[in-house]
Amino acid sequence: MKVVARTPRGLEAAEVLAEATDEQAKLLESSSGGQIMREMSGEDFNELAHIRDREPTAFETCVKHVARLGLPMQLVDLEQVFGGERLVIYYLSEERVDFRDLVKALASEFQTRIEMRQIGVRDEAKLLADYGDCGQPVCCGTFLSEMPPVSMKMAKVQKATLDPTKISGRCGRLKCCLRYEFDIYEELQHDLPPIGSDVVTKNGRARILAQEILAQQLLVATEDNRRILIPASDVLTVLKTGSGRREGRDDSERPDRRRNPAPPTDREKGRGSEPKSAEDKGSSDSSENSQ
């Protein structure tokens, strides 16, 4: 059912997703509360359509004011709250932006509260992207309420290709899905002897060359220089624990970071994906950028 709900942002158009069971409430305990005011009427649907029709024009107006003021920021999206209480503007910027003059100009033009919200590249994809390489709607725009950090280690453990063009999402960062199975990979890998270990198997001594984590198998070199794949359960004793790294690894296996750099992780450049916001009612004491 389409409804009108009151949230901390004001009146908003909403859709009922599930019954408010204790389980659902627990999943949303960290989110701000709200209240359903009424079912959306025909007039509400018309008003919502008019708001959506006006947003592109309002966005162009904001772009012109940003260009006029010469602000170092890139506008990403604009959202007019249903009840008209505020206009939310999402932007990207690598540096501190003093947008007090911009907020004054916009508040005067639109006669509403202006909220400037700085976002990261992952948030930009969440707002604008549609489908991922997998052919499914992007995770950040559907079910992901939080975007946890993703590291290159997760791709390496899962033996994913290290080609940046194949492990980068629509945001240009490492794909969020690299994290989904990482915990189980780590748990299963913990039970395997590290690469380089000298072990005793049912067929004699051997050295571990590689791990097949999900299959729980090991590639080993036997004493007679044969390479065979054995179940991890065939290992009877670990004589010497290895370093966990492949011996004699050729550097050519690694991507050339100068010509084809790996996508940045969430911790690089000291940037997170949590947006920062500031609000203004168009009064003389306009809020400063809270970056």
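Because the model is predicted, local features need pLDDT of at least 70 and side-chain atom pairs count only at pLDDT 80 or more, while totals for chains, interfaces and linings use all residues.

**Stop 1: helix H2**

Select residues 42-69. This is helix H2, with 28 residues. Helices here are DSSP runs of H or I with at least four residues, strands are runs of E with at least two, and both are numbered from the N terminus. From first C-alpha to last, H2 reaches 41 Å, close to the 40 Å expected at 1.5 Å a residue. That expected span is 1.5 Å times one less than the number of residues.

Now go to Glu55. A kink of about 30° lies there, shortly before the proline Pro56. The bend is the angle between axes fitted to the seven residues ending at a residue and the seven starting there.

Move on to Gly70, which follows H2. Its phi is positive, near 65°.

**Stop 2: the buried residues of H2**

Select Asp44, Leu48, Ile51, Glu55, Ala58, Thr61, Cys62, His65 and Val66 in H2. These residues are buried. Buried means under 20% relative accessible area, exposed means over 50%, and partly exposed lies in between (1.4 Å probe, protein chains only).

What do they pack against? Show S1, S2, strand S3 (35-39), strand S4 (74-80), strand S5 (86-92) and helix H3 (100-110): the buried residues of H2 pack against these elements.

Zoom in on Asp44. It sits in helix H2, with a relative accessible area of 7%. Leaving aside residues up to four places away in sequence, Asp44 touches Val4, Arg38, Glu39 and Phe82. Contact here means heavy atoms within 4.5 Å.

**Stop 3: salt bridges**

How many salt bridges does the structure hold? There are 14. Each is a side-chain nitrogen of Lys or Arg within 4 Å of a carboxyl oxygen of Asp or Glu.

Select Glu15 and Lys2. Their side chains meet in a salt bridge at 3.1 Å, N to O. Glu15 lies in strand S2 (residues 10-15) and Lys2 in strand S1 (residues 2-7), so the pair ties together parts 13 residues apart in sequence. Glu15 is partly exposed at 47% relative accessibility. Lys2 is partly exposed too, at 40%.

Next, select Asp133 and Lys175. This salt bridge spans 3.2 Å, N to O. Asp133 lies in the loop between helix H4 (121-128) and helix H5 (152-157), and Lys175 in the loop between helix H6 (164-167) and helix H7 (182-190), so the pair ties together parts 42 residues apart in sequence. Asp133 is exposed, at 60% relative accessibility.

Then select Glu186 and Lys153, a salt bridge of 3.4 Å, N to O. The pair links helix H7, which holds Glu186, to helix H5, which holds Lys153, across 33 residues. Glu186 is partly exposed at 34%, and Lys153 is partly exposed at 48%.

Finish with Arg9, Glu12 and Glu79. Salt bridges that share partners join them into one network.

**Stop 4: a nonpolar patch**

Select Met1, Val16 and Ile36. They make a nonpolar surface patch of about 300 Å². Patches use residues with over 30% relative accessible area and no salt bridge; like charges are joined within 9 Å, and nonpolar side chains (Val, Leu, Ile, Met, Phe, Trp, Tyr) within 5 Å. Accessible areas come from the Shrake-Rupley method with a 1.4 Å probe; for residues, only the protein chains shown count as cover.

End on Ile36. It lies in strand S3 and is exposed, with a relative accessible area of 53%.

Definitions and conventions
Residues numbered from 1 in each chain as written. Heavy atoms only, no water.
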